[in-house]
Amino acid sequence: MARITVIVEPRYADNSPCKHAVKPSGKPRDPESGCPGRTAFAVVCSEHGDVGRPHHVKVLAEPAGVAHRQEHRAAH
Ligand SMILES: [Zn+2]
Ligand SMILES: [Zn+2]
């Protein structure tokens with residue numbers, strides 16, 4: 001069975017992923033990057049894709065990712 005990875009992915013308002021580095025404040029690290037800013041954080045599983053709906057703040061997405069990882073562990 002393939003190894004399953006669960007990540008928290010920042011998303012823009014159009015649901016596309018943000019790959020920019022940002023400061024803890026959420027502002028882009030590079031002001032020239034053209035990053036419009038993240039509006040949501042999605043939990044993405046390598047097996048299931050998006051898990052639930054994206055969260056508006058990272059502190060809510062992270063425990064959702066941990067919970068999903070534990071579901072996989074429990075299923076084995
Ligand atoms: Zn960005
Ligand atoms: Zn999964």
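Predicted model: local features only at pLDDT ≥ 70, side-chain atom pairs only at ≥ 80, totals over all residues.
Biologist: What is the overall make-up of the protein chain, read along the sequence?

Modeller: The protein chain has one helix and three strands, arranged in the pattern β-β-β-α. Its C-alpha atoms fill a box of roughly 45 × 20 × 20 Å along the principal axes. Buried residues account for 25% of the 76 residues.

Biologist: Which residues are the protein donors of the zinc ion (ligand 2)?

Modeller: They are C45 (SG), H48 (ND1), H68 (NE2) and H72 (NE2), at 1.9 to 2.3 Å from the ion. Along the sequence, the donor residues are spaced C-x2-H-x19-H-x3-H. C45 in strand 2 (residues 40–45) and H72 in helix 1 (residues 58–75) are 27 residues apart, and the pair links distant parts of the chain. Both C45 and H72 are buried.

Biologist: Why is the arrangement around the zinc ion (ligand 2) called tetrahedral?

Modeller: Four donors count as tetrahedral if all angles lie between 85 and 135 degrees. The angles subtended by the four donor atoms here are 101 to 116 degrees, and the arrangement is therefore tetrahedral.

Biologist: What makes the arrangement around the zinc ion (ligand 1) tetrahedral?

Modeller: The zinc ion (ligand 1) is coordinated by Y12 (OH), C18 (SG), H20 (ND1) and C35 (SG), at 1.8 to 2.3 Å. These four donor atoms subtend angles of 102 to 119 degrees, which lie between 85 and 135 degrees, so the arrangement is tetrahedral. The donor spacing along the chain is Y-x5-C-x1-H-x14-C. Because C18 and C35 each lie in the loop between strand 1 and strand 2, the pair ties together parts that are 17 residues apart in sequence. C18 and C35 are both buried.

Biologist: How do you know that the span of helix 1 agrees with its 18 residues?

Modeller: The expected span is 1.5 Å times one less than the number of residues. For the 18 residues of helix 1 this comes to 26 Å, and the end C-alpha atoms are 26 Å apart, which means that the two values agree.

Biologist: What puts the buried residues of helix 1 on the same side?

Modeller: The buried residues are A61, G65, H68 and H72. They cover an arc of only 65 degrees around the axis, and are therefore on the same side of helix 1. Their covering includes strand 1 (6–11), strand 2 and strand 3 (49–55). The face turned away from this buried side carries the exposed residues V59, L60, R73 and A74.

Biologist: Why does V59 count as exposed?

Modeller: The cut-off for an exposed residue is over 50% relative accessible area. V59, in helix 1, has 64% relative accessibility and therefore counts as exposed. Its C-alpha atom is separated by 9.2 Å from that of F41, which is 18 residues away along the chain.

Biologist: Which residues form the largest nonpolar core?

Modeller: This core has six residues: I4, V6, F41, V43, C45 and A61. Strand 2 gives the most to it, with three residues. Beyond its neighbours within four places in sequence, F41 is in contact with residues including V8, P54, V57 and A61. Nonpolar side chains tend to be buried together in soluble globular proteins.

Terms used:
Residues numbered from 1 in each chain as written. Chains lettered and ligands numbered in written order. Heavy atoms only, no water. Donors = N, O, S within 2.8 Å, 3.2 Å for Na, K, Ca; no water. Tetrahedral: all angles 85-135°; square planar, octahedral: opposite > 155°, others 65-115°. Helix = DSSP H or I, 4+ residues; strand = E, 2+ residues; numbered from the N terminus. Buried < 20%, exposed > 50% of the residue type's maximum accessible area, 1.4 Å probe, protein only. Core = buried A, V, L, I, M, F, W, Y, C linked by side-chain atoms within 4.5 Å. Contact = heavy atoms within 4.5 Å. Arc of directions from axis to C-beta.
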